Amino acid sequence: MNDPVENAKRLAAFKAVDNHVVDGVIGIGSGSTVVYAVERLAQKVKDEGLEVICVPSSFQAKQLIIQHGLKLGDLEMNHNLKVTIDGADESDHMLTLIKGGGGCLTQEKILASCAEEFVVIADYRKASTHLGEQWSKGIPIEVIPSAYRVVYQKIEKMLGGKSDLRMSGSSKAVGFLCEQHKSP
Ligand SMILES: O=C[C@H](O)[C@H](O)[C@H](O)COP(=O)(O)O
């Protein structure tokens, strides 16, 4: 693989799985980086007899789990997660994250909240001192569709800036409010 970004994503994902995954229930986040984590999980199941049940955070994650022949779980049956592995859109120096850029957020947060450990994998482009240095598309906020106008107005009143409704395209969530701050 010659693409440095894809290489970085793959290396980070493999390391995360190698260092943090043990037998048990694993939460699977969403996005292009998590793809490599699932690839590594499948290798370890096959080669090392790792025993995991994978709980997906999205339709994409569910498809990944199925495609790799991993055991599929859900939060009703498996709510004590050993670890959740996920990607991020940006991380500041305190490891505060922007997430949801790919259209998944609430379900990812639920999986993170159920896990003993939350491991985020990201390549070098996502690291910043202050959020917003790398990610310029606004802060994703997932809303219940019927509440989007109310949330929209409240955010603008409280914080200023401008909010845009982002409909989920091909993939994952139902409706998304993307809140973008203007510079003061
Ligand atoms: O909504 C998507 C999720 O929060 C992803 O984890 C995030 O967007 C990172 O995705 P990627 O690994 O494709 O950069």
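**Stop 1: the two domains**

Start by colouring the two domains separately: eleven residues of domain 1 are in contact with nine residues of domain 2, where contact means heavy atoms within 4.5 Å. Select 4-126 for domain 1 and 139-180 for domain 2; the bounds come from an automatic or database domain assignment. Their C-alpha centres lie 25 Å apart.

Two notes on reading the model. This is a predicted model, in which local features need pLDDT of at least 70 and side-chain atom pairs count only at pLDDT 80 or more, while totals for chains, interfaces and linings use all residues. Residues are numbered from 1 along each chain as its sequence is written, and side-chain values use heavy atoms, with hydrogens and water left out.

**Stop 2: helix H1**

Select residues 4-20, helix H1. Helices (H or I, at least four residues) and strands (E, at least two) are DSSP runs, numbered from the N terminus. The end C-alpha atoms of H1 are 24 Å apart, which agrees with the 24 Å that its 17 residues should span at 1.5 Å a residue; the expected span is 1.5 Å times one less than the number of residues.

Now show the side chains of Val5, Ala8, Lys9, Ala13, Phe14, Ala16 and Val17, the buried residues of H1. Buried means under 20% relative accessible area, exposed over 50%, and partly exposed in between (1.4 Å probe, protein chains only). The cover over these residues includes H2, E4 and strand E7 (115-120).

**Stop 3**

Select 34-48. This is helix H2, with 15 residues and a reach of 20 Å from first C-alpha to last, close to the 21 Å expected. Its buried residues are Val34, Tyr36, Ala37, Val38, Arg40, Leu41, Ala42 and Lys44. Among the elements that cover them are helix H1, strand E1 (24-28), strand E2 (52-56) and helix H3 (59-67).

Select Thr33, in the loop between E1 and H2. Thr33 counts as buried because its relative accessible area is 4%. Leaving aside residues up to four places away in sequence, Thr33 touches Lys9, Ala13, Ile121 and Lys126.

Then select Asp47, which lies in H2. Asp47 has a relative accessible area of 57% and is therefore exposed. Just after H2, Gly49 takes a positive phi of about 70°.

**Stop 4: the largest pocket**

Where is the centre of the largest pocket? Gly31, Ser32, Ala88, Asp89 and Lys126 are the closest to it of the 23 residues that line this pocket. About 320 Å³ of space lies in it. The lining divides into four nonpolar, nine polar and ten charged residues. Ala, Val, Leu, Ile, Met, Phe, Trp, Tyr, Cys and Pro count as nonpolar, Asp, Glu, Lys and Arg as charged, and the others, Gly among them, as polar.

On a 1 Å grid over the protein atoms alone, a pocket is an open set of points where a 1.4 Å probe fits, with protein on both sides within 12 Å along at least five of seven lines; lining residues have an atom within 4 Å of a point. Grid points are joined across faces, edges and corners, and a volume is the space filled by probe spheres set on the points.

**Stop 5: the second largest pocket and Phe118**

Select Leu97, Ile98, Lys99, Leu105, Lys109, Phe118, Leu131, Ile139 and Pro140, the lining of the second largest pocket. Strand E6 (97-98) and strand E8 (139-142) each give two or more residues to this lining. The volume is about 190 Å³. Seven of the lining residues are nonpolar, none polar and two charged.

Stay on Phe118, in strand E7. Phe118 is partly exposed, at a relative accessible area of 34%. Beyond residues up to four places away in sequence, Phe118 touches Thr84, Asp86, Leu97 and Ala112. His20 is 98 residues from Phe118 in sequence but 9.4 Å away in space, C-alpha to C-alpha.

**Stop 6**

Select Leu95, in the loop between strand E5 (90-91) and E6. Leu95 is not a glycine, yet has a positive phi of about 65°. Most residues other than glycine have a negative phi. Leu95 counts as exposed because its relative accessibility is 67%.

Finish at Arg149, in helix H5 (residues 148-159). Arg149 is exposed, with a relative accessible area of 52%. Ser163 lies 14 residues from Arg149 in sequence and 9.9 Å from it in space, C-alpha to C-alpha.
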